Amino acid sequence: MMRLLLSSLLLCCSLHTWASEPSSREMRENATVGVNFSYAFIHVPFVKAWGANANLYTSGNWLFALDYTNANKAIKIFSFQLGEIKEKHIAVQARRFFGNSFNLKFGLGQRTTEALLPTDLFDLVVSNYTETASKFTSNFVRFGLGNQWQFGTRYTFVVDWFTINIPYSGEIITSASQYASGDNKQKVEDYENILKYYPSGSVIQMDIGVIF
């Protein structure tokens, strides 16, 4: 009986605390800046990605941010790792909120994709790849949708259900055609010019951070 009373008391206290806290919208209206760390459970074309963003709150409806995302994938042959591909995004983005937490996300950014190979046997053994086989940049527009909640007066939890980056221009910095000859050299360059326009994005990206 005593255990039941204690459980009921704790539940009532929790509900009272939750009810007495301001809404996420009210907390955004009183916030100025914030910092989040992010992790994407599904990132295309790579499996996972992590990153961070710095946020500027201008009202309960608008948030502006500088966002960084990093992902990588090993280059393997018969389960033996020979190198890796790195993908980095830097974007300026905005969130337009509708109601308490739902928001649409959009912005502009640049993606850098780099394929790295070992320079020597030591690089291969320690998986420290220092030779750039191919590198290109892509400028993109970003669209997405998600929910963002504020809680505990200072904390932020974000779930971006869907984000897509659509390239509209790009540049080859280093071409893998350096390893080819004859007609194959031009074919490699043609493939790279197509690859720099591949779309990227994530599904179920979670952010957690603090606001000030």
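**Close-up views of the predicted model**

**View 1. Lining of the largest cavity.** Strand β8 contributes the most to the lining of the largest cavity, supplying 4 residues. The model shown here and in the other views is predicted. The structure contains 1 cavity of 30 Å³ or more, and the volume of the largest cavity is about 120 Å³. Its lining comprises 16 residues, of which T69, R142, T163, S202 and Q205 are the closest to the centre. At least two lining residues come from each of β3 (62–77), β4 (80–98), β7 (155–174) and β8 (200–211). By residue class, the lining consists of 10 polar and 6 charged residues, with no nonpolar ones.

**View 2. Backbone of I204 in strand β8.** Residue I204 belongs to strand β8. Although it is not a glycine, I204 has a positive phi, near 60°. In general, most residues other than glycine have a negative phi. The relative accessible area of I204 is 31%, so this residue is classed as partly exposed, the limits of that class being 20% and 50%.

**View 3. The cis peptide bond between V44 and P45.** The peptide bond joining V44 and P45 is cis, with omega at about 10°. P45 is located in the loop between β1 (33–44) and β2. Most peptide bonds, by contrast, are trans.

**View 4. The aromatic pair W50 and Y68.** The structure holds 6 aromatic pairs. In the pair formed by W50 and Y68, the ring centres are 6.0 Å apart and the planes meet at 65°; the pair is therefore edge-to-face, as planes over 60 degrees apart are counted in that class. W50 in strand β2 and Y68 in strand β3 are 18 residues apart, and the pair thus links distant parts of the chain.

**View 5. The aromatic cluster of W62, F64 and F106.** Ring pairs connect W62, F64 and F106 into a cluster. The rings of W62 and F106 have centres 6.1 Å apart and planes at 85°, so this pair is edge-to-face. The pair joins distant parts of the chain, with W62 in strand β3 and F106 in strand β5 (residues 102–117), 44 residues apart. W62 is partly exposed at 30% relative accessibility, and F106 is likewise partly exposed at 34%.

**View 6. Confidence at helix α1 and strand β2.** The mean pLDDT is lowest for helix α1 (residues 2–20), at 41, and highest for strand β2 (residues 49–57), at 96, among the elements of the protein chain.

Methods. Residues numbered from 1 in each chain as written. Predicted model: local features only at pLDDT ≥ 70, side-chain atom pairs only at ≥ 80, totals over all residues. Heavy atoms only, no water. 1 Å grid on protein atoms, 1.4 Å probe; cavity = no way out; pocket = protein on both sides within 12 Å on 5 of 7 lines; lining within 4 Å. Points joined across faces, edges and corners; volume = space filled by probe spheres on them. Nonpolar A, V, L, I, M, F, W, Y, C, P; charged D, E, K, R; others polar. pLDDT = per-residue confidence, 0-100. Buried < 20%, exposed > 50% of the residue type's maximum accessible area, 1.4 Å probe, protein only. Phe/Tyr/Trp six-rings, centres within 6.5 Å; stacked < 30°, edge-to-face > 60°.
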